Amino acid sequence: MPPDSEPLRARWPLIALAALLGAGLAAPLATGAAAPGFYLEVLLGGLMSGVLYSLVALGLVLIYKSSGVYNFAQGAMVLLAALATARLSEVMPLPAAIGGALLMMVGLAWLVERLVLRPLVNQSPIVVFMATLGILYFIEGFGQLVLGNDIYKVDLGLPKEPAIVAQRWFDGGILISREDLVAAGIAAALVLALALFFQRTATGRALRAVADDQQAAQAIGIPLGRIWFIVWSVAGFVALVAGLVWGSKLGVQFSLAEVALKALPVVILGGLTSVPGAIVGGLIIGVGEKMAEVFLAPALTSGLGVAGGGVENWFAYVLALLFLLVRPEGLFGERNIERV
Amino acid sequence: MDSDLPRSADTFPRLLLHHEQVRGHRVALREKNLGIWRCWTWREVAQEVRELAAGLHALGLERGRHVAVVGENRPRLYFSMLAAQSLGAVPVPLYQDAVAAEWVPVFGEAQIEFAIAEDQEQVDKLLEIRAQCPMLRHILYDDPRGLRRYQEPGLVSCESVSASGRALLRQDCGLVERHIALGCGDDPAALFYTSGTTGRPKGVVQVHAALIERSLASTKMEGLTDKEEVLAYLPLAWIGQAIFSFAQALVTGYAVSCPESPSTVMNDLREIGPTYFFAPPRIFEAMLTQVMIRMEDSGFLKRRMFDHFVGVARRVGKLRLEGRRLRLADRLQVALGELLVYGPVRNMLGLSRARIAYTAGEAIGPDLFAFFRSIGVNLKQLYGSTETAVFVCVQPNGEARTDTVGPPVAGVQIRIADNGEVLVRSAGLLREYYRNPQATAQVKDTEGWYHTGDAGLLDARGHLKILDRAADVGRLADGSLFAPRFLENKLKFSPYIKEAVAFGHGRDRVCAFLNIDYEAVGSWADRRGLSYGGYLDLVGRSEVLDLVAECVARVNADLAADSQLAATQIRRFVVLHKELDPDDGELTRTRKVRRGFIADKYCDLVDALFEGRTEHAVSTEVRFEDGRSGTVRATLRLREASFFGEVPDAA
Amino acid sequence: MPPDANATEAGAARAGGRADPRCHALLEVRDISLSFGGVRALEAVSFDVIEHEVRAIIGPNGAGKSSMLNVINGLYEPQRGQIWLRGRCFDRMRPHEAARMGIARTFQSLALFGGMSVLDNIMAGRNLRMRTGLLAQALRIGPAEREEIAHRRFAEGVIDFLEIQAHRRTAVGQLPYGLQKRVDLGRALAMEPSILLLDEPTAGMNLEEKQDMCRFILSANDEFGTTIVLIEHDMGVVMDISDRVVVLDHGRKIGDGTPEQIRSDRGVIDAYLGVAHDAA
Amino acid sequence: MLYRENGQFKTSYRADQQLLPVVQDRWLMLGLLAFAYLGLPLLASEFVIRALIVPFLILAIAVIGLNILVGYCGQISLGAAAFMGAGAYAAYNLAVRLPGMNFLIVLLLAGLAAAAVGVAFGVPSLRIKGLYLAVATLAAQFLLDWLFSHVKWLTHDSPSGSVSTATIELFGVPLQSPLRKYFLVLTVVCTLALIAKNLVRSHAGRAWMAIRDMDLAAEVIGIRPLHAKLSAFAVSSFYAGVAGALWGFVHLGSWEPAAFDIDLSFNLLFMVIIGGMGSILGSFFGAAFIVLLPLFLNQAPRWLGVSLSTAAQSNLESMIFGSLIVFFLIAEPRGLASLWAKGRQKLRIWPFPH
C-alpha cells in the first residue's frame, strides 16, 4: 500500500477535463435553447449507443474482475456469437439458433481456459493481454472462415418503427427508436441478473474472492481453472446478447469486432473492475461521441478548417486518456497498489 | 625462436635481460584480472624485477639467503623470484595450500628472513608461525585487500618495496645489473621442498645451469618457440610448474598466463588455449570425469555418437601406433569424428591449440592416456622428478605408448641397477639436499648416478618402462609380482573412483581401500533419485557399493586377461568413510598416496579386510580447511569383488 | 572506491535541502510518522546515523523496519517528520534524489534485473554516474566508449570484491539465492554510496553464506568507509557486526544503543528478544 | 560444434565489449553482409526484391524501434503504425514543400518528427502502466489516423486524401530500379540496427531494461523513469518514423491514410513477439516471418492440391497468426531469437548439454 498522502496529483488535467465536458455540454445547450428537442434527441441517441457499448464492456469487466485479464477479443466474441446465431437461424428456429450459439460460446470459453489461460497462469498481465490479441485474430479468422463473411440479419422481432414522444413539450416531439429502448431494457435486465449472480450465488462469491486475490483464492481451494471457464462462458453469454442487439440493429458484419476497441475506453473510464462503471462509462462515451459528432466536428471544421466528421473514431480514446491522467483507476475502480 | 642462447645467459636473471633485448615488446606474462588479461612485456617484467630487486636490496636481502614465496600463480610472485635471484638470493616456493605448521621446519632449516605472500590468507599463516620462526623479519604481500589495518613489524606491500626500489634506482640505475653480473650458472637457482612420499620434506637445491640445461634440451627436442602459450595453474612449489612456467619460459621466451582465480581455471584454460600443456594425471582424470558426467546428462543420440566416435578413435589410434595405413572408411570416420566430437571436446577442454601435452608426476592410467590421445590431444608421458629437473625421459611424437615413458632425453644417461632401480646421470641433477648430506649421499653415488627409487626396465626400443616405486613393488605370498600403483591407477580410471590404495605384499591376495569421487557418484545418485545426506551417507549406500563393485569387477576382468597380473585381481575392497587428504598426511601435497602411512593408520581395517570380515567400525581424526579437527565415526561394510579365473590367451 | 564527494554534494544542491549547522550526524530521521490507509506503520520515530558506523534496525515482523528504510530512500513519503542528510533537511526524499545523494540500498525480496547478466546488473549501479548523451552512445564514439570502459573497470572491481568472477556473464536469474543476494549488494556498492541501506542481507542464507555476507558488509564498511544501516533478524549477525542498534516495535522506537545495552534492555527483551527466542 | 574459442582471450575492455566478441560470429556476420550486398542482388529476381526483401527490411526497422519500446523498456504500444504514419507524412510534406532536399536528410527529419510525436504520447507512461498505457497508444493511433485523413494540410489538399511521391533522387542518382531502392534500404537498416545494438548495450539500454525488469529498484539506483521511458519512446518513434518514410516513398510510392491503420500496429507487435522481445536480431526474424507467412500460405494449399479463395486465405492467415501469437507467448516467450540463441549456445558447448 502506498501512504495516504502520496505525491500531490497535478490537478490541471482534472480541470481540463471538466472544462472540456462543460464546453461539450454548454455549447450545445446554447443551440439547445433554440432547438432543445434536437439536443435531447442527440443526447438520447448517445445514451442508446452507450447502452450497447456498456453491453460489450460488461463482458470485459467480468473477465477482468475474475482473472485480471483484459480480453481484447471480447468484440470478436460478439461478432462470433452474432454470426453463429444468424447463420444457425437460417436453418433452425431462432431460440434453437441462440441456444446453439450459446453452446458455441461455452465451447470457446472451455478452449480458451485450456489452451491459453492455464498455460499462461502467473504470467504478467500484459503477456496475457497480448495473448487475447491472438485470440482476437483467431476468432475473427475462424468466424468468417466457417460462418462466412457477408452481412447477415438476425431478426429478434424488435419493433423497428420509432416512436415520437413528448410532443406536448417540444413541437415535433422527440424521435426515439423503440428498438433502442428494448435494448436498454435488456441491458438493464442483464446488469441486474449479473449483480444477483455475483451477490447471491456461491459461484458469484467465489468469483469475487478470486478477483480480490488469486493466490488467496487458490489457497482456500477455489479451482481457478473452473472459475475462469465459468467467467468466460458468462462473458460469452453477454457477448451473445450484445451481438444479438447490435446485429439486429446494424446487421451482423465484421465491423462488430471493432466495437471492442470502443469498449476499452469505456472500461477505462468506468473502472476495469466495476460493473456499474461499465454501464456509466458506456453511457458517457456514447453521449460524448454523439455530442462531439454533432457539435464538435462542425466547430473543428469552421475553426481549424479540418474536414470534421469521424471525430467519434478518436473521441472516446482521447477522453479516456485525459481521464487516465487524473484518475488511473477509473470512476468506480479500485486503485491497484504496489508494495516494496 | 632462438634456443641458441648466448653463453653469457647462464642464470635466469641474465636470461631475462637477454629477452628484454631480443623480444622486449613481446608478451612475457599475462594475468586475468578484473575480467581481462593484463599483459607484461619482457621489458616491463625486467623493469618490475629491477625495482623489486632494488627494493629487496634496500631491505637488506643478501646473496645466498633464502626467500619464501607463497601463493597462487601471480605475476608478482614470478617477479619476486627473479628479483631474489638477481640479488643472488634463493627463492623457496612453498605450497600455498599447506597449513602453516608444515612450513615451520622449512623456515627453520633454510633460515628464511624474507617471505613474499600473495594475499591476506598467506600473510595470516606467516604471522601465525612467526613465533616459531624468529628469523623471519620481512613479509611482503602482493594483494593489499584486508591488510590495511595490519600493524605487524616488517609487513610491507610489494608495491611499496618496488617504490623504494624505484627511488634507489634513480640514484644508481646499474645496481641490479651489477648484482646480476655477480651471479653464475652454478649458483643455486631455487630450493624445492619435495613432500617426499615418506619422511619429512627434503630441500632440493637446483642450480641455474641444471634447470637451464634441461629446459634447453626439451625445448630443442620439441622444437618449442617463443610463440608458445602456457597456463600457470599448478602450485609454484612443484618443480613441474616451476619448469614450465618459469625456467622453460625464460629459456624459450614464451608467454605464461595466470588464471583469474582457482574457481575459474577451467574457463581461463579454455580462453587461453595453451599450445604447451602440462598436468599430472589427476588433472586429466578430473577433465575426463567432467566429460563423462556431462555426456551422461546429454541426449541419447549424442551419447551414442560420442561413444561411437571415441571407439573409432581408439581403434584407429592403435592402428596408427602400429604404423598401419588407414582404410578410406576409417579416414572418413575420423574426419567426421573430428568435426562432431574430437574437435569440440578439445575446444571445451581448452586443448584445441595444444601442440604438446605432457603428463607426469606419476604413472597415468592406460585407458585415461588412451582417451586423450584418441581425441587428438598429443598427450605424451614424461618421466622425471625434482631431483632431475624433470626431463629424464620423454615420449617422441608418434611413439606415445601407454606402458613406457619414452627414451632418455638428450644429455641423460640411464642405467638399470641390479635390483631393478632406475639410475640417472645428467647435467640436470640436484646439487644436494639442503643441509642433509646423508640423504644426498643416499640418492647420489660417487659416480654421480642419481637413484630414482623407481623400479623399471628399458625395452627393446630403448624406451624406459616404469613399474612402480622400487620400494613398493612387492610379491604376493605365492611369489607373483604385485605392483600396487599399477592396480590403483587402473581402479582410478573409473570416473567414480577418486583414490585407491592396494595392499597385498606378502599376502595371499590383494585387497584395496577406495575413495569414491563425490561429485561423480553424487550426480550419479541424483540421476537415480537417490537421496543422501553428505559424503558419509552416500558412501554407506549399498547402491553405491554395488556401483563401485562393478568398477572393481571391470578392472579384475582386465587383469585376468594378463597372465602375469591375473593373480593380483582385487579380491576384497572397502569404500573409505573419508576422502584421503594431504592435511591428514594420507596423501602427499602432489596427491600421491602414502601407502605405508595409510597401512599403519588403518592397520586394523586392513586386517579386517584380509580376515574376510564383512563389517568394521572406524573412527578417525580429520583436520578441516580452517585447521580445526574432529573425528569421523562410521561402520564400514567390506565387500567381496567378483574374481575371474584366468582367461586362456586364446581369447 | 571512495564515495564521489562532488557528485553527492551536487545532488544535495539539486535536492535543495536547507543547511543546518546543529546537525552532526551523517543521517538523522526526526519523528517520522507514516501510515497506510489508517494503519500506523511508523509513529514519531527518530534516530541518527553517524558517519562510518554500522547501524542495525531490529524488531519483530511488522515493526515498520522496511518502511523506515523506504522512507529514508524516498519510496514512501512520511506524513510527519524530516530526514536530515549531511545537515540538510528534507520533508521527503525521491528515490533517484536519494541515490544521487549517495544513499544505496538492497532489498529484502530480491529486486535484481532478472533479464540482465550479473555484470549488467552491477553496471546498472553505475548509470547514475554515466553522462554521455544518446547520440554518443548510439555511435559509440570516443567519449561514450571511454566512459563505458571506465565504469566497466569499476564494476569489475566490485565483482572481484564479491568474488563472483566465475558468474560475470550468467543471467542473475540462474544464480543460487545466496549469490543473487551478493549481486544485489554489488549493484548497491557500484553506486559508491556513502550510506548503504541493507534490508535483511542474510535472510534465508545458510551459515557459510551468512559468514561471507557479513565479511563483505564489514569490509565494505571498512575499506570504502561506507556507512551502513541494516535490518536483520539474525541476532547473532546483528550483535557481531553492528556498532549501534535501534529497536522498533509496532512502529515505535523502544530501544537505541550499543548491542550490549540492547541485549540487557528489559523492554527490548520483552518486546522482541523474547519473541525471537520463542520463534527459535 | 563449429566454434573454436581457445585462444580468443581479451586483453582490453574494448576488445571484450566489442559487438561480436567471438571470431566465428564475426565471420558469420561478414558472410551475411557480403551475401546481402553481393549475393542477393545477383540471385533474387526484381519481383522478389520489390515485393519481399524491401518491405521486410523496412518493417524490420519499425520492429527494431517497437522492440526497443516494448521488448527493452517494457512499455506496451499499440500505436506503432501511427508513428510510422507520422514519419511518412512528415517526409511527404518535406518532399513537396522543400523540393530537392537530400532524401537522407528527409529521412532523418521524418524520424525526428515522429520522435517528437512519440514523446508527446509517451508522457502518460510516466503515470500509467501496462494496459492503461495501451489505451494511450491506441489513442495516438486513432487520433493520428484521423488527422491524416482529415487535415488537408497534411495531404497537401489532395482530394482523395491519398498522397503519391515522386521518385527519390539520392546524390543525383534516381532510385527507380528495385535494386537501387534495395541498396538504400539495406544500408539504412544496417546503420540503424547497429545504432540500436549500441544503444541497448550502453547505459541507456541498461536503464530501459532496468525499468522493464524492476522499475522500483531502477529508481532506487538513481535511474530517472522520466528519462528512461521518454528516451525509449523517442528512439522507438524515430525508428518508426524512418521506417514509415521508407514505407511510403520506397515501398508504396503512393498511399491512403489507411496505410498506417491499427492492423499494421498489431502486425508490428506480433513481429516483436514472434521475433523475440528484447532482441535486435529477433526483430529481423519477426519481420521476415510475418512477411513470409502469407506467401507460404499462398503456396501451401497449391502444394496440397487445394485451392482457396483470397478471403479464405486471409481468414486462414489471421487464424494462424492468432494461434502463433498464443503459441509463442506460451512456448517461447522470447521468440525466435531465443531459439537462435539456444541453438548457438548448443553449438558453442557441443557435444556437452551444459
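The legends below describe close-up views of a predicted model.

Residues are numbered from 1 along each chain as its sequence is written, and chains are lettered from A and ligands numbered from 1 in the order in which they are written. Because the model is predicted, local features need pLDDT of at least 70 and side-chain atom pairs count only at pLDDT 80 or more, whereas totals for chains, interfaces and linings use all residues.

**View 1. Contact between chain B and chain D.** Chain B contributes 22 residues and chain D contributes 19 residues to this contact. Two residues are in contact if their C-beta atoms, placed from the backbone, lie within 7 Å. On the chain B side, at least two residues each come from strand 2 (36–41), helix 10 (265–272), helix 11 (281–297), helix 12 (300–321) and helix 13 (328–349). Helices (H or I, at least four residues) and strands (E, at least two) are DSSP runs, numbered from the N terminus. Helix 13 of chain B provides the largest share of this side, six residues. The side of chain B that touches chain D has 10 nonpolar, six polar and six charged residues. Here Ala, Val, Leu, Ile, Met, Phe, Trp, Tyr, Cys and Pro count as nonpolar, Asp, Glu, Lys and Arg as charged, and the others, Gly among them, as polar.

**View 2. Contact between chain D and chain A.** In this view, 37 residues of chain D are in contact with 38 residues of chain A. Helix 6 (130–150), helix 10 (262–275) and helix 12 (310–331) of chain D are the elements that give two or more residues to the chain D side. Helix 12 of chain D gives the most, with 14 residues. By class, the side of chain D that touches chain A comprises 26 nonpolar, seven polar and four charged residues.

**View 3. A three-stranded sheet in chain B.** The sheet is open, has the strand order 8-9-18 and shows antiparallel pairing. Strand 8 (188–194) and strand 18 (432–433) of chain B stand at the edges with a single partner strand each, so one side of each has no neighbour in the sheet. Two strands pair if DSSP finds at least two bridges between them. Strand 8 of chain B is joined to strand 9 (residues 202–207) of chain B by six bridges. Tyr193(B) has Gly203(B), in strand 9 of chain B, as its bridge partner.

**View 4. Confidence along chain C.** The mean pLDDT (the predictor's confidence in each residue, from 0 to 100) of chain C is 86. Over residues 1–23 of chain C, pLDDT stays under 50.
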